[in-house]
Amino acid sequence: MANKYDSLKIDCLEDVAPVNASSSWTITDSRTETITITGAILPDGYFVYGYAVYWADGRTSASLPSAERGKFRTQREASLHALGFLSQFLPYFTPESRNDILHAERSLAQDHLF
């Protein structure tokens with residue numbers, strides 16, 4: 001399943017190293033599961049994202065912001081792409097987290113309409 005926000009991505013063909021996050025957005029923070037999108041701006045002015053997921057079963061998935069997943073013109077575009085990435089794993093999240101991801105995506109996508 002492809003990320004439906006891949007059209008926002010600017011492919012990065014150079015070697016990339018993760019960078020420290022300068023922003024974070026917690027999508028869901030329940031007793032069982034936490035999802036946070038992290039972001040950073042690169043020296044060239046493009047935005048990148050990372051994520052941290054603390055799964056309900058106790059596992060952790062995390063990645064520092066990196067151009068490995070692409071560069072983006074705005075933080076909003078990077079966040080939408082991150083939500084598209086997370087949406088590919090919806091069946092693995094708790095029902096509450098699924099709803100929070102979809103709500104965050106709708107909220108961010110609608111923000112662009114007004």
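**A strand residue, then the rest**

Author: Let's start with one residue. Asp29 sits in strand S1. Keep in mind that this is a predicted model.

Reader: Is Asp29 buried or exposed?

Author: Asp29 has a relative accessible area of 61%. The cut-off for exposed is over 50%, so Asp29 counts as exposed.

Reader: What does the side chain of Asp29 make a polar contact with?

Author: With the side chain of Thr34, at 3.2 Å. There is also a distance to look at: Asp29 and Tyr54 are 25 residues apart in sequence, and their C-alpha atoms are 9.3 Å apart in space.

Reader: OK, zooming out. How many helices and strands does the protein chain have?

Author: It has 2 helices and 4 strands. Along the sequence they follow the pattern β-β-β-β-α-α. The radius of gyration of the protein chain is 14 Å, close to the 13 Å that the globule rule gives for 114 residues, so the chain is as compact as a globular protein of that length.

Reader: And what does the C-alpha trace span along its principal axes?

Author: About 40 × 35 × 25 Å. Of the 114 residues, 44% count as buried. Among contacts with a separation of 6 or more, 52% come from residues 24 or more positions apart.

Reader: In what order do the strands of the sheet come?

Author: The order is S1-S2-S3-S4, in an open sheet with antiparallel pairing. Strand S1 (23–29) and strand S4 (60–66) are the edge strands, and each pairs on one side only. Neighbouring strands are turned by 15° against each other on average, ignoring direction.

Reader: What holds paired strands together in general?

Author: Strands of a sheet pair through backbone hydrogen bonds, in a parallel or an antiparallel way.

Reader: Back to this one. How many bridges join S2 to S3?

Author: 8 bridges, between strand S2 (residues 34–41) and strand S3 (residues 47–54), which run antiparallel. One of the residues to look for is Thr36, whose bridge partner in S3 is Ala52.

Reader: And how many bridges are there between S3 and S4?

Author: 5 bridges, again in the antiparallel sense. Here Tyr49 has Ser66 in S4 as its bridge partner. The hairpin of S3 and S4 has 5 residues between the strands, and in that hairpin Gly58 takes a positive phi near 95°.

Reader: Why does Trp55 count as buried?

Author: Its relative accessibility is 10%, and buried means under 20%. So Trp55 is buried.

Reader: Which residues is Trp55 in contact with?

Author: Leaving aside neighbours within four places in sequence, Trp55 contacts Thr32, Glu33, Thr60, Ser61, Tyr92 and Phe93. With Ser61 there is a polar contact between the two side chains, at 2.8 Å. As for C-alpha distances, Trp55 and Ser97 are 42 residues apart along the chain and separated by 9.9 Å.

Reader: What does Ser87 touch?

Author: Ile101 and Glu105, not counting residues up to four places away in sequence. The side chain of Ser87 also reaches the backbone oxygen of Leu83, at 2.8 Å. Ser87 has 13% relative accessibility, so it counts as buried.

Reader: Last topic: the segment before S1. Which residue there is worth a look?

Author: Asn3 lies in that segment. At 8% relative accessibility, Asn3 counts as buried. Asn3 touches His81, Gly84, Phe85 and Gln88, with residues up to four places away in sequence not counted.

Reader: And what lies 2.8 Å from a polar atom of the Asn3 side chain?

Author: The backbone nitrogen of Tyr5.

Key
Residues numbered from 1 in each chain as written. Predicted model: local features only at pLDDT ≥ 70, side-chain atom pairs only at ≥ 80, totals over all residues. Heavy atoms only, no water. Buried < 20%, exposed > 50% of the residue type's maximum accessible area, 1.4 Å probe, protein only. Polar contact = N/O pair within 3.5 Å; in protein donor to acceptor, adjacent residues only side chain to side chain. Contact = heavy atoms within 4.5 Å. Pairing = 2+ DSSP bridges. Axes fitted to C-alpha atoms, helices over the stretch in contact; angles between N-to-C directions. Rg over C-alpha atoms; globule rule 2.2 N^0.38 Å.
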